Amino acid sequence: MGNSIGPCKLCDGEIIDKGDFYGCSHYTKNQCKLTIGKKILGKAVSATNAKRILTKGKSNLIKGFKKGEKTFDAYLVWDEQGKSVRFEFEGK
């Protein structure tokens with residue numbers, strides 16, 4: 001198992017590096033499903049940005065996400081209502 005990236009937003013576990021993604025250390029204990037992909041729309045999500053999402057609620061601006069033919073820049077933010085990570089665009 002990898003090192004702790006930060007506290008889980010859904011339970012009292014820790015988010016750890018699980019290879020292809022960051023996930024909760026308590027998955028086997030309580031089936032916690034919190035994960036953050038290491039690659040989202042073609043862009044790598046660093047451990048530093050994953051930690052910022054967990055501790056500050058928002059990553060640094062990540063440039064170059066690709067969806068189809070479009071490329072865009074966005075932040076990854078923790079959505080407390082949806083209990084998931086979503087995009088936030090500059091100026092919002």
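Cys-11 sits in the loop that links strand 1 (4–7) to strand 2 (14–17). The model that shows this is predicted. Start with that loop residue, then move to the core and finish with the whole chain.

- Is Cys-11 buried, partly exposed or exposed? Its relative accessibility is 22%, so Cys-11 counts as partly exposed. The cut-off for buried is under 20%.
- Which residues does Cys-11 touch, once neighbours within four places in sequence are set aside? They are Cys-24, His-26, Asn-30 and Cys-32.
- Cys-11 and Thr-48 are 37 residues apart along the chain. Their C-alpha atoms are separated by 21 Å.

**The nonpolar core**

- In soluble globular proteins, nonpolar side chains tend to be buried together.
- Here, the largest nonpolar core holds 19 residues. Those with the most contacts inside this core are Ile-15, Leu-34, Ile-36, Phe-65 and Leu-76.
- Several elements each supply at least two residues of this core: strand 3 (21–24), helix 2 (47–56), strand 7 (62–67) and strand 8 (70–79).
- Which strand gives the largest share of the core? Strand 8 does, with four residues.
- Look closely at Ile-36. Leaving out residues up to four places away in sequence, Ile-36 touches Phe-21, Tyr-22, Val-45, Ala-50, Ile-53, Leu-54 and Val-85.

**The fold as a whole**

- How many helices and strands does the protein chain have? There are two helices and nine strands.
- Along the sequence, these elements follow the pattern β-β-β-α-β-β-β-α-β-β-β.
- The C-alpha trace spans about 40 × 25 × 20 Å along its principal axes.
- Take the contacts between residues at least 6 apart in sequence. Of these, 22% join residues at least 24 apart.

**Surface and charge**

- Of the 92 residues in the protein chain, 33% count as buried.
- The accessible surface of the protein chain comes to about 5,800 Å². Carbon and sulfur atoms account for 48% of that surface.
- The protein chain carries 18 positive and 10 negative side chains. How far apart do the centres of the two sets lie? They lie 1 Å apart.

Methods:
Residues are numbered from 1 along each chain as its sequence is written. This is a predicted model: local features need pLDDT of at least 70, side-chain atom pairs count only at pLDDT 80 or more; totals for chains, interfaces and linings use all residues. Side-chain values use heavy atoms; hydrogens and water are left out. Buried means under 20% relative accessible area, exposed over 50%, partly exposed in between (1.4 Å probe, protein chains only). Contact means heavy atoms within 4.5 Å. A nonpolar core is a set of buried Ala, Val, Leu, Ile, Met, Phe, Trp, Tyr and Cys residues joined through side-chain atoms within 4.5 Å. Accessible areas come from the Shrake-Rupley method with a 1.4 Å probe; for residues, only the protein chains shown count as cover. Lys and Arg count as positive and Asp and Glu as negative; His and the chain ends are not counted. The place of a charge is taken as NZ of Lys, CZ of Arg, CG of Asp or CD of Glu.
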